Amino acid sequence: MPNFTKQCPYCKNSNLIEKTNLPGMHFGALVCGECDRHIKWLPDPRIDKQYEERRQSIDNLLNRESVKA
Ligand SMILES: [Zn+2]
């Protein structure tokens, strides 16, 4: 996101707060510290790592299958 500026799209304040101790499925959220509106969800960095590891092991399995066939 090259043009992403860290400011609230509603009130243009740059006082943004990252909340990461949320109940439920989301890792965290970026909210405006001024108008308290939700700006965006924050991805869980651990899920990215798990996804990458799973993708690699699937690649390994596929490679092994293609060698067999
Ligand atoms: Zn705001």
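The stops below go from the whole chain to single residues.

**Before you start**

This is a predicted model: local features need pLDDT of at least 70, side-chain atom pairs count only at pLDDT 80 or more, and totals for chains, interfaces and linings use all residues. Residue numbers start from 1 along each chain, as its sequence is written.

**Stop 1: the whole chain**

Colour by pLDDT, the predictor's confidence in each residue, from 0 to 100. The chain has a mean of 86, and 88% of its residues reach 70 or more. Confidence is highest in β2, at 95, and lowest in helix α1 (residues 45–68), at a mean of 86. Where pLDDT is low, the predicted coordinates should not be read in detail.

Switch to cartoon. The secondary structure comes to 1 helix and 3 strands. Here helices (H or I, at least four residues) and strands (E, at least two) are DSSP runs, numbered from the N terminus. Read from that end, the elements run β-β-β-α.

How much of the chain counts as buried? Of the 69 residues, 1% do. A residue is buried if 20 or more other C-beta atoms lie within 10 Å of its own, exposed if 12 or fewer, and partly exposed in between, with C-beta atoms placed from the backbone.

Two residues are in contact if their C-beta atoms, placed from the backbone, lie within 7 Å. Among contacts with a separation of 6 or more, 19% join residues 24 or more positions apart.

**Stop 2: the sheet**

Select the three strands. They form an open sheet in the order β1-β2-β3, with antiparallel pairing. Two strands pair if DSSP finds at least two bridges between them. β1 (16–19) and β3 stand at the edges with a single partner strand each, so one side of each has no neighbour in the sheet. From one strand to the next, the twist averages 20°. For such angles, axes are lines fitted to C-alpha atoms (for helices over the stretch in contact), and values run from 0 to 180 degrees between N-to-C directions.

Zoom in on β1 and β2. They pair in the antiparallel sense over 4 bridges.

Val31 has His38 as its bridge partner in β3. While the strands are on screen, look at the side chains: in a regular strand they alternate between the two faces of the sheet.

**Stop 3: Gly28**

Select Gly28, in strand β2. Which residue of β3 stands opposite Gly28? Leu42 does. Gly28 counts as partly exposed because 16 other C-beta atoms lie within 10 Å. Leaving out residues up to four places away in sequence, Gly28 touches Glu18, Lys19, Thr20, Leu22 and Leu42. Draw a C-alpha distance from Gly28 to Pro43: the value is 6.9 Å, for residues 15 apart along the chain.

**Stop 4: Thr20**

Step to Thr20, in the loop between β1 and β2. Is Thr20 buried or exposed? Thr20 is exposed, because 10 other C-beta atoms lie within 10 Å. Beyond its neighbours within four places in sequence, Thr20 is in contact with Phe27, Gly28 and Leu42.

**Stop 5**

Most residues other than glycine have a negative phi.

Pick Asp36, in the loop between β2 and β3. The two strands form a hairpin with 5 residues between them, and Asp36 sits in the turn with a positive phi of about 65°. Asp36 is exposed, with 11 other C-beta atoms within 10 Å.

Finish at Lys12, in the segment before β1. Lys12 is not a glycine, yet its phi is positive, at about 65°. Lys12 is exposed, with 11 other C-beta atoms within 10 Å.
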